[in-house]
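Have a look at the model first.

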Amino acid sequence: MMMSEEKQKYRILQNYLPQSNEKGLILLTGARQTGKTTLAKLTYPELKYINLDAPENRELVREISTHSWGKDIGNAIIDEAQKEPIVFDKIKFSYDEKEITFQVILGSSQILLMKNIRESLAGRVSIHELWPLLMSEICYDKANTLPPAPLIDKIITEKSLEEVFLFEPSALFGREQNGRLRAEQYLLKWGAMPALLHIPDDKKRKWLRDYEYTYLERDIADLARLTDLMPFRKFQKLSALRSAQLLNYSELARDAGVSVDTARRYLQYLTISYQVILLQPYFKNITSSLVKTPKLYWLDVGLFRTLTGFLGEMSGQLFETMVVSEIFKWIKTRQRDAEIYFYRTRSGLEIDLLITTPDGVIGLEIKSRDKIAQSDFTGLVKIANILGREWKGGIVIYRGVKIKKLAEPNIWAVPSYRLFT
């Protein structure tokens with residue numbers, strides 16, 4: 001269980017993509033450079049690959065008639081499909097006429113893809129999102145073997161936390177512990193973009209800076225057609241500085257020197273291009289004094305560090321950003337029946353995360369320390385009493401080494417590296 005910079009990491013999503021001998025249209029989307037093309041080629045080596053990022057390929061598919069799509073293109077991988085929107089109508093016609101049975105559509109521009117999907121392929125396409133590497137994918141070296149499900153998956157899917165932890169060793173030792181800790185340390189330092197695994201450390205920071213420029217010049221240019229990217233660039237950096245904080249549009253707009261409406265639009269661009277998530281407050285009206293403002297989280301720690309210039313030791317903000325991102329990515333990758341929220345009242349009761357599952361609600365507090373104080377879980381006890389029978393259990397995620405029970409009702413301490421590997 002050591003990280004390798006020579007092997008291709010096994011992407012967990014690969015195990016849950018349909019096979020090409022099945023009938024279907026597949027949309028594989030996600031942020032730029034998360035490995036969509038690599039994953040598609042590995043999963044479907046038998047399919048023709050056409051990249052519409054190349055102008056000559058766009059011109060070629062433009063000239064292929066709708067009636068010839070099945071004969072000339074056939075079952076294929078179409079990369080950067082949003083660059084030539086007419087292909088969606090041609091795919092629809094060929095699929096409906098049974099001239100093709102399987103097509104994989106790739107793209108990183110969610111808004112353009114989704115617009116074309118809604119207009120041409122609604123009800124026909126299966127959507128899969130590829131996120132930056134999960135900690136469990138970084139941790140395991142076997143490129144052709146599905147990594148075991150991390151502990152967070154068992155916590156979400158099994159009915160009882162007591163049963164989950166009954167079969168988990170309270171502590172790990174030696175190589176088993178060290179490999180998992182290295183994966184977490186790598187993620188906290190560099191983030192989870194796949195290309196970085198194969199780049200020497202002294203060049204990783206430059207790659208991240210270049211990614212920022214490429215993202216601005218390509219994704220945002222495609223999405224917004226902005227003639228001047230400087231206001232957005234400033235807004236992007238200010239948003240990163242606010243990761244793990246309540247979102248205040250008015251304050252963010254003022255600091256960025258843009259209108260509130262522009263701030264809302266810019267944040268939408270960051271969301272639909274897979275750079276940030278907006279975590280909503282817990283929706284159930286268990287008290288009228290709930291704070292209703294969302295929290296902002298950057299999705300990749302490496303990009304967060306690059307944008308903010310924070311290159312030093314880990315902070316509480318960075319640790320919380322990583323934890324929320326890992327939970328979000330896992331739920332989305334495995335398409336688990338779970339949603340994440342935060343909880344805060346105007347009187348001061350605050351829970352970092354609530355995960356709703358069919359078996360109840362799990363509360364999580366995130367602490368970037370290796371020791372736990374009683375005050376770290378008093379909020380979990382209070383929310384458990386409020387939720388009553390809906391309460392499934394609580395977890396304090398910390399940087400220690402041991403899983404241990406803290407209190408009733410069903411509140412545990414779990415090291416972060418154990419949760420995601």
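Buried means under 20% relative accessible area, exposed over 50% and partly exposed in between (1.4 Å probe, protein chains only). Gln 82, at 6% relative accessibility, therefore counts as buried. Bear in mind that this is a predicted model: local features need pLDDT of at least 70, side-chain atom pairs count only at pLDDT 80 or more, and totals for chains, interfaces and linings use all residues. Residues are numbered from 1 along each chain as its sequence is written, and side-chain values use heavy atoms, with hydrogens and water left out.

**Around Gln 82**
- Gln 82 sits in the loop between β3 (76-79) and α4 (86-96); helices (H or I, at least four residues) and strands (E, at least two) are DSSP runs, numbered from the N terminus.
- Its side chain makes a polar contact with the side chain of Glu 80 at 2.6 Å (a pair of N or O atoms within 3.5 Å; within protein, one must be able to donate a hydrogen and the other to accept it, and residues adjacent in sequence count only if both atoms are side-chain atoms).

**Strand β3**
- Ala 76 and Ile 78 point one way, Ile 77 and Asp 79 the other, and all are buried.
- In a regular strand, side chains alternate between the two faces of the sheet.
- β2 (residues 48-51) runs parallel to β3, joined by 4 bridges; strands pair if DSSP finds at least two bridges between them.
- Tyr 49 has Ile 77 as its bridge partner in β3.
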